[in-house]
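Hello,

Here is the structure I promised to pass on to you. Have a look at it first, and my notes on what turned up follow below.

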2 protein chains.
Amino acid sequence: MKFDKELIKGGTTMLILNLLSTGDMYGYQMVRELEKRSDNIFTLKEGTMYPILHSLESRGMVEAYWEDSDSGRKRKYYHITSKGKRLLNEKKKEWKIYSNTVNRVIGGAHLA
Amino acid sequence: MKFDKELIKGGTTMLILNLLSTGDMYGYQMVRELEKRSDNIFTLKEGTMYPILHSLESRGMVEAYWEDSDSGRKRKYYHITSKGKRLLNEKKKEWKIYSNTVNRVIGGAHLA
DNA sequence: ATCAATACATAGATTAAGGAGGTATAATTG
DNA sequence: CAATTATACCTCCTTAATCTATGTATTGAT
């Protein structure tokens, strides 16, 4: 299914950008956060997340920086850029169109 | 992104089954119908639809029969079975969970 | 007569996402 | 203290969904 142009294509990207829009985070934290915020409905897989994060970085949507935690453990934090915020807004718009249309089509009272 | 079990996986299948739940249809007609019902947002590609239709048939979700149109042209109609209706209902439930969760996560008023 | 529309179909390419595995350190538990 | 679990990063390969491209054949319109 294609939606006019490029609708949806990568809903995970939207969720990742959305997480980062609420504050800088590191990868491992994002997995837990999304689980928490979705009441364990969504499970972000590392094999899915890290490639997306690296792709977003190379496209200038996020910026990464290393920081030490209290325990001396290294963490790679990601920060959403203004370009990334624009992408997020686009994706949200697309999601609205997509989900509203699905709901209309499947829920709709259409008489033959 | 995976949703607990098998959520969503093939939203196109849901839309196709949904179309058939409103009456028997032939492939070519379904393409036009979905376009119409979605105000041209969804474009069902034949290369996507036919394989799905054949898979649904082999799994007993739909049944096919040939019929001649007025113009003598052959049409292959599809009819949703009760098994197919059950599958449709499951898919709709999954869609509700999925879309509600996305909306909660991205729209949600979460304070850090 | 030619072109667009109707109507079916498949093969191969593309892409998103997941599964499985790998490295390394810190915290917990027996 | 040793073993396990949790933290934290990463990549390669596969699977599955979908699209692109193509093919056949008939009918209707110009």
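A salt bridge here is a side-chain nitrogen of Lys or Arg within 4 Å of a carboxyl oxygen of Asp or Glu. Please keep in mind that this is a predicted model.

Let me start with where the chains meet. Two salt bridges are counted between chain A and chain B. One of them joins Arg104(A) to Asp39(B), with 3.1 Å between the closest N and O atoms. Eight residue pairs are also in polar contact between chain A and chain B, both residues being at pLDDT 80 or more.

On the side of chain A that touches chain B, at least two residues each come from strand E1 (2-3), helix H1 (11-20), helix H2 (27-37), strand E3 (42-43) and helix H4 (82-107). H4(A) gives the largest share, 12 residues. By class, this side of chain A has 16 nonpolar, 10 polar and eight charged residues.

As for totals, 34 residues of chain A and 33 residues of chain B take part in the contact. Together the two chains bury about 3200 Å², with 66% of it on carbon and sulfur atoms.

Conventions: Residues numbered from 1 in each chain as written. Chains lettered and ligands numbered in written order. Predicted model: local features only at pLDDT ≥ 70, side-chain atom pairs only at ≥ 80, totals over all residues. Heavy atoms only, no water. Contact = heavy atoms within 4.5 Å. Buried area = accessible area lost by both parts, 1.4 Å probe. Polar contact = N/O pair within 3.5 Å; in protein donor to acceptor, adjacent residues only side chain to side chain. Helix = DSSP H or I, 4+ residues; strand = E, 2+ residues; numbered from the N terminus. Nonpolar A, V, L, I, M, F, W, Y, C, P; charged D, E, K, R; others polar.
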